Amino acid sequence: MSNICVVGTGYVGLTTGVCFADLGNTVNCIEIDPAKLELLRSGKSPIYEPGLEELQERNMRAGRLRFTDNYALGLADARLIFITVGTPMGDDGAADLSYVKAAALGIGQHLTRDAIIIDKSTVPVGTGDMVFSIIAEHAAPGIHFSVVSNPEFLREGSALTDFFKPDRIVLGSMDQKAAEEVAELHAPLGAPIIITDLRTAEMIKYASNAFLATRISFINEIAQICERLGADVREVARGMGADKRIGPHFLDAGIGYGGSCFPKDVLALHHMAASAGCHPQLLQAVMEINQSARERFVQKVETLLGDLDGKYIGVLGLSFKPNTDDIREAPSLDIIRALQAKGARVKAYDPVAMENAGEVMPEVTFCATAYDVAKEADALLLVTEWNEFKQINWDKIRSFMRQPIVVDGRNLYDPQEMASRGFTYWGVGRGSRDDLDLNPKDHGLLTT
């Protein structure tokens, strides 16, 4: 078993620390935010992730997991030191590395033994070299250390499964022995291990996220074409996904990607490419299509309701995806702000994300249930496909609404069933005749 230190207890850091402790390792997590540290020490998780808090409490009771704000204590016996701090989007689109630099400085100033520094944060290509330089500048003479890039591929909402059953482990370093030692740490997971150089490992993370974002934007562009030509994008995606060369994943048309990874990583890769003299045309298109998917969603509401001034709009779902309270870059933010700018009054419900949403959307009325959202609503918008929205009592919903209008941003519902229940329904890329007859001249829709 290993002695591990994890610097930063955000989404990636806390999951990493808790899961390595559950594998039997001794883990010290460094967190410098006093309020967050107090919460962690009480056995509570500051983030919503199914199963994480229970695992955290169990390993704290077993004495394998501790939290501190002291670098000297956190690093004291650690052979393996993970950097898992945030790399938020900067004003120019580049990743903000200030937290990574601070972590490297703290490690360098308090490193008392030979160690391997493992950069798990999503960082621009070349950051590993920077981390090495900062630590080397401040570390005591005679201490040997290496830097390994170990990008994370955790999905919010299924992070524990992704950690314990990963598709692959990517390790990059200029020190082959260091990379092999980190590979041994991951051996119990039984996943294929890819060892490469430092910069290639950093690039694998960005390329992976950019490719998945590209699939999402591709199917959303196909959805727009389907609406205009009268095809059903869900069946199109099913036919495409049956091809083994394509596969079915990330082909669900909707209102675009969000969250803490895809938006900032695509933009950061675009910035890296442009700074290197490249012309990232595809990445630019991916971002533009993603934004336009949200704009088209609001246009559909306008098509159905006309002038939105004074209209009551109900929103189901605020987090960028189900099973998380994360609203970073969530489509709901752009959609609600656009509706409010047009004079609409917005009510919303989300199973876990309303507290976070309330901090950035004070003008929204937050409700206790989906049925409360529907009361007196002129339209109901499905934005996040939480499980509890899959079997709503639609007769009850319809009795509450001013107008029985549903705009489905995730294609969660069946158009024919919704019509049979008396709703005017509009999904994404599901071009029925009813859809096509809605103001075709104004919105470029064809009629049959």
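A word on conventions before the details. Residues are numbered from 1 along each chain as its sequence is written, and side-chain values use heavy atoms, with hydrogens and water left out. Since this is a predicted model, local features need pLDDT of at least 70 and side-chain atom pairs count only at pLDDT 80 or more, while totals for chains, interfaces and linings use all residues.

Let me start with the helices, which, like the strands, are DSSP runs numbered from the N terminus (H or I and at least four residues for helices, E and at least two for strands). Helix α1, residues 11-22, packs against helix α3, residues 52-61, at an angle of about 50°, and their axes are 9 Å apart; the axes here are lines fitted to C-alpha atoms, for helices over the stretch in contact, and angles run from 0 to 180 degrees between N-to-C directions. That makes α1 oblique to α3, where angles under 35 degrees count as roughly parallel, over 145 as roughly antiparallel, 65 to 115 as roughly perpendicular and the rest as oblique. The crossing of these two helices, α1 and α3, is left-handed, a term used if the near helix is turned anticlockwise from the far one by less than a right angle, with right-handed used if clockwise. On the α1 side the contact, meaning heavy atoms within 4.5 Å, involves Leu14, Thr15, Val18, Cys19, Ala21 and Asp22, and these meet Leu52, Leu55, Gln56, Arg58 and Asn59 in α3. By class, the residues of this contact of α1 with α3 are 6 nonpolar, 3 polar and 2 charged, counting Ala, Val, Leu, Ile, Met, Phe, Trp, Tyr, Cys and Pro as nonpolar, Asp, Glu, Lys and Arg as charged, and the others, Gly among them, as polar.

The second pair is helix α5, residues 98-110, and helix α6, residues 127-138, whose axes come within 7 Å and cross at roughly 35°. In this case the crossing is right-handed. The residues of α5 that meet α6 include Val100, Ala104 and Ile107, and their partners in α6 include Met130, Val131 and Ile134. The contact of α5 with α6 divides into 8 nonpolar, 4 polar and 1 charged.

Turning to the cysteines, how many disulfides does a search of the whole structure find? The search finds 0, a disulfide being a pair of cysteine sulfur atoms within 2.5 Å. For cysteine 261, the nearest cysteine sulfur is that of cysteine 19, 16 Å away. Cysteine 261 counts as partly exposed at 22% relative accessibility, whereas cysteine 367, at 11%, counts as buried; buried means under 20% relative accessible area, exposed over 50% and partly exposed in between, with a 1.4 Å probe and protein chains only.

Now some single residues. Phenylalanine 250 sits in the loop between α10 and α11 and is partly exposed at 33%. Leaving aside residues up to four places away in sequence, phenylalanine 250 touches Leu212, Arg215, Ile216, Ile219 and Phe262, and its C-alpha atom is 8.4 Å from that of isoleucine 219, 31 residues apart along the chain.

Asparagine 323, in the loop between β9 and α13, has a positive phi near 65° although the residue is not glycine. Glutamate 376, in the loop between α15 and β12, likewise has phi near 65°.

Finally, leucine 282 belongs to helix α12 and is exposed, with a relative accessible area of 56%.
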